[in-house]
Each structure stands twice: as C-alpha cells, then as structure tokens.
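Me: I would like to go through some helix packing in this model. Could you take my questions one at a time?

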Amino acid sequence: MHKRLFTAFALFLSACTGMGQDGRGYPSLAKRPVETARVGGEVADRPDPVSNPAPADPDLAKRLADLSAQADKGRAAFDALYTDAAAHIRGASGAAVSSEAWVAAHVDLSRLEQARYDSVYALASLDTLYAERMKALAEGKAEGGASEILAARDVALATVDAQNDRVDALKAVLREP
C-alpha cells in the first residue's frame with residue numbers, strides 16, 4: 001500500500017516540475033510579436049481625442065445641451081418630491097413589513113425612483129454618446145467633442161450618484177421582508 005502511494009506521489013511530483021517535454025521551462029506570459037503587430041502595416045499615431053480636444057460640432061453641442069437639460073429636469077423633479085417622501089419614509093421606519101405605513105413608504109420610494117428617471121436616462125444616453133464618439137474618433141469619422149461629452153457626463157453622474165445615496169439611505173430605514 002505504501003509502495004503504491006509513494007509511486008503515485010513520485011509521479012505527481014514529476015508532473016509538477018518546471019520543465020516541459022522539450023526541456024524548456026513554461027512559456028512566458030509576455031505578449032508575443034504576433035499579438036503586438038498591427039494588421040495592415042504600421043498606423044500613424046493619432047492624437048488622443050480626450051487630451052487634445054477639438055471643439056464639438058454644433059449638432060453635438062445641441063445634443064449635449066438637451067441631455068444636460070434632461071438631467072437637470074430629473075434632478076429638479078427628484079428634489080421637489082424628496083422632502084415630503086423622506087419624511088413619510090422615515091416615519092415608517094419602525095413599521096412592520098406589509099403594514100399600511102410600510103407599503104406607503106415603498107410607494108413614496110417608487111415615486112422618487114420615477115422622478116429621477118430623466119437624470120438616469122440622460123446619464124445612460126451620455127455614456128452611449130461617448131462610446132459612439134470615441135469609435136467615430138478612432139475611425140477618423142469625427143473630430144473633437146469627447147471632452148465636452150465627459151464634462152456633461154460628470155455632472156449627470158454626480159446628480160445620479162447623489163440621488164442613489166439619498167434613496168439608499170431611505171431604503172435602509174425600512175424593514176426588509
């Protein structure tokens with residue numbers, strides 16, 4: 001029994017050695033030349049569209065203004081409902097799950113979620129717009145606009161993050177089912 005165990009252990013250890021069958025060690029994890037070569041020859045370096053911005057075209061500027069206005073609309077709607085909804089939700093903090101106060105608090109939470117739809121939608125649209133613009137810049141089909149999109153996105157993201165934090169704080173006071 002011990003002889004079989006020793007033989008199996010010896011075979012196992014031989015499989016764990018650092019040499020391959022050809023006498024060399026394991027292959028390197030570094031990139032191989034084929035992984036770094038460019039298809040179709042060398043490509044001239046292009047300027048970074050974010051660090052070297054060109055001004056946005058008028059259509060993009062209008063789209064950004066519309067999405068920023070939509071984010072502001074969502075922020076204003078959320079802020080208008082927040083004070084009353086937060087008071088009702090905090091008032092239901094000790095309520096039993098499925099009680100009338102608990103259900104009313106969840107209705108208020110739903111109203112808050114609905115009120116922030118415009119700001120969340122604007123953020124998602126800005127993300128999509130940025131991805132599309134970066135693709136167009138990489139393909140040489142557009143110039144500039146990436147930094148303007150990022151600036152508008154940062155503002156919308158701050159709005160959505162603040163709304164998320166406020167909603168999460170209200171959800172935390174309610175009992176879980």
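Predicted model: local features only at pLDDT ≥ 70, side-chain atom pairs only at ≥ 80, totals over all residues.

Me: Let us start with Ser-119. Which helix is it in?

Reply: Ser-119 belongs to helix α5, which spans residues 117–138.

Me: Is Ser-119 buried or exposed?

Reply: Ser-119 is buried, because its relative accessibility is 1%, and the cut-off for buried is under 20%.

Me: What does the side chain of Ser-119 reach at 2.8 Å in the backbone?

Reply: The side chain of Ser-119 reaches the backbone oxygen of Arg-116 at that distance, 2.8 Å. There is also a polar contact, at 2.8 Å, between the side chains of Ser-119 and Gln-163.

Me: And which residues does Ser-119 touch, not counting those up to four places away in sequence?

Reply: With those set aside, Ser-119 touches Gln-70, Ala-71, Gly-74, Arg-75, Thr-159, Val-160 and Gln-163.

Me: Gln-70 is on that list. Where is Gln-70 found?

Reply: Gln-70 lies in helix α3, residues 58–91.

Me: With which side chain does the side chain of Gln-70 make a polar contact?

Reply: The partner is the side chain of Asp-118, at 3.3 Å. Beyond four places in sequence, Gln-70 is in contact with Asp-118, Ser-119, Tyr-121 and Ala-122.

Me: Now the helix pairs. How do α5 and α6 pack?

Reply: Their axes are 9 Å apart, and the packing angle is about 155 degrees. That angle makes α5 roughly antiparallel to α6, since angles over 145 degrees count as such. The crossing of α5 past α6 is left-handed.

Me: Which residues meet there?

Reply: From α5 they include Ser-119, Val-120, Leu-123 and Leu-126, and from α6 they include Thr-159, Val-160 and Gln-163. The residues of this contact of α5 with α6 divide into 14 nonpolar, three polar and three charged.

Me: What about α3 and α6, parallel or antiparallel?

Reply: The axes of α3 and α6 (residues 146–173) cross at roughly 15 degrees and come within 10 Å. The two helices are therefore roughly parallel to each other, as angles under 35 degrees count that way. α3 also passes α6 in a left-handed crossing.

Me: Which residues make the contact?

Reply: Among them are Ala-71, Gly-74, Arg-75 and Phe-78 of α3, with Ala-156, Thr-159, Gln-163 and Arg-166 of α6. The residues of the contact of α3 with α6 comprise 13 nonpolar, four polar and five charged.

Conventions: Residues numbered from 1 in each chain as written. Heavy atoms only, no water. Helix = DSSP H or I, 4+ residues; strand = E, 2+ residues; numbered from the N terminus. Polar contact = N/O pair within 3.5 Å; in protein donor to acceptor, adjacent residues only side chain to side chain. Contact = heavy atoms within 4.5 Å. Buried < 20%, exposed > 50% of the residue type's maximum accessible area, 1.4 Å probe, protein only. Axes fitted to C-alpha atoms, helices over the stretch in contact; angles between N-to-C directions. Parallel < 35°, antiparallel > 145°, perpendicular 65-115°, else oblique. Left-handed = near helix turned anticlockwise from the far one by under 90°. Nonpolar A, V, L, I, M, F, W, Y, C, P; charged D, E, K, R; others polar.
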